[in-house]
Amino acid sequence: MEQSKKLYPLLINSNTLESQSLVANGFLAGNSIEDVIDTYMTDALGLEVFKYFRGEFPLSISHNHIIDFTPLMVCPDDETSLERFGIPGNVKVWYVKSASPFAKIVFGFRQEINAGEFFDYCHKGVLENCLQVIRPQAGDFILIPPGTVHAIGGGIDYVEISDAHKCSYHLYELDADKKKAAIAEESYAYDTELFDAIDIIDYKPSSLVENYASVSREKMKMFSWPLHLVTKYAVLDQEIKVLPAIAGSFIAYFGISGSANLNCNGVDYAISENQLLLVPEVIDDYTLATAKQSGEENASVLEIYIPPIDLECDDNE
């Protein structure tokens, strides 16, 4: 692919935005995000983002619907992950679009335990007694820092934003039938990962004050994690002007509800519900608003990008 034409907002033709996702619009249609970055480099990602992440698209944004419970998981921090795997750690943000009455999110522990107790409770199949369980509702927003045990299931429609490599350990089976089978066989499916993760788990009670919020009635809510991601929820009750170069990063959008319109250089790009769109950093400015022809209530979107990176500070460490 030759860099002979200018970049433009890129619609994604799947429910996931990552390096292998394909562009759905314009002359780049059919090319992957990785292909686009290989050709346009810093124009696509931003100078600092491109250098720090060595030309890789640094995020994974996916729209998911899950019935069965995921295993209990934990993600390593940067220091541990770089030492063990040579990649940054993992931070997750979950935004709940809708949830059944049976939906649950596990977020950390109800009370402090130690590593020995955790290991013993896993093998006895009684860890649930220690876990903090949240009953999610549409509009809930949760930031999951490294070291926090977590799981999700029970009938929930949600958006997950995480680091590209999505490094995590599976610790404990929350599905009742799978757990029962493992205990009956006197074996445990995740023993190796359990041993590897035992020293990175935060065993203190998990606070929801800074990490959990209901944004369904707020105009804007933002979660930020240094060197990883910024996620904003916004209701488009007026036209917003955006300057990607100020952020120094590409900006990705996910349509939560209604129909939004992104106008760039006089061209309109629709962001419908469940639609993913990637705006390269090189684009000077654009406006974002609820589509005039929708005749519905104000559209709402998630806005995701990489926070400013101080490369000189990073080189001095």
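## Salt bridges, sheets and cores in a predicted model

Glutamate 273 and lysine 97 form a salt bridge, with their closest N and O atoms 2.9 Å apart. This pair connects distant parts of the chain: glutamate 273 sits in the loop between strand 18 (267–271) and strand 19 (276–279), while lysine 97 belongs to strand 5, 176 residues apart. Please keep in mind that the model you are looking at is predicted.

How exposed are the two partners? Glutamate 273 is partly exposed, at 44% relative accessible area, whereas lysine 97 is buried, at 14%. Burial here means a relative accessible area under 20%, so the value of 14% places lysine 97 in that class.

**The salt bridges**

How many salt bridges does the structure hold? There are four. Side chains of opposite charge can pair when their charged atoms come close. Here are some of the pairs, with their N to O distances.

| Glutamate 273 | Lysine 97 | 2.9 Å |

**Around helix 5**

Aspartate 120 and lysine 124 are both in helix 5, four residues apart, or about one turn of the helix. An α-helix has 3.6 residues a turn, so residues three or four places apart point the same way. Aspartate 120 is partly exposed at 32% relative accessibility, and lysine 124 is exposed, with a relative accessible area of 54%.

At the start of helix 5 (residues 115–124), a side-chain oxygen of asparagine 114 comes within 3.1 Å of the backbone nitrogen of glycine 116. After the helix comes glycine 125, which has a positive phi, near 75°.

Tryptophan 94 has isoleucine 142 in strand 8 as its bridge partner.

**Strand 20 and the cores**

Is strand 20 (residues 286–290) mostly covered or mostly open? Strand 20 is mostly covered, with five of its five residues buried. Strand 15 (residues 240–242) runs antiparallel to strand 20 and is joined to it by three bridges; isoleucine 240 stands opposite leucine 288. Strand 17 (residues 260–264) also pairs with strand 20 in the antiparallel sense, over four bridges, and here asparagine 263 stands opposite threonine 287.

Tyrosine 286 touches residues including Ile240, Val242, Ile251, Tyr253, Leu262 and Val279. Tyr286 is also among the residues with the most contacts inside the largest nonpolar core, which has 59 residues; others in that group include Leu17, Ile33, Phe57 and Leu302. Strand 16 (residues 251–257) gives the most to this core, with five residues. Apart from this core lies another, of 21 residues, among them Tyr169, Leu171, Tyr172 and Tyr203. In soluble globular proteins, nonpolar side chains tend to be buried together.

Notes:
Residues numbered from 1 in each chain as written. Predicted model: local features only at pLDDT ≥ 70, side-chain atom pairs only at ≥ 80, totals over all residues. Heavy atoms only, no water. Polar contact = N/O pair within 3.5 Å; in protein donor to acceptor, adjacent residues only side chain to side chain. Helix = DSSP H or I, 4+ residues; strand = E, 2+ residues; numbered from the N terminus. Core = buried A, V, L, I, M, F, W, Y, C linked by side-chain atoms within 4.5 Å. Buried < 20%, exposed > 50% of the residue type's maximum accessible area, 1.4 Å probe, protein only. Contact = heavy atoms within 4.5 Å. Pairing = 2+ DSSP bridges. Salt bridge = Lys/Arg side-chain N within 4 Å of Asp/Glu carboxyl O.
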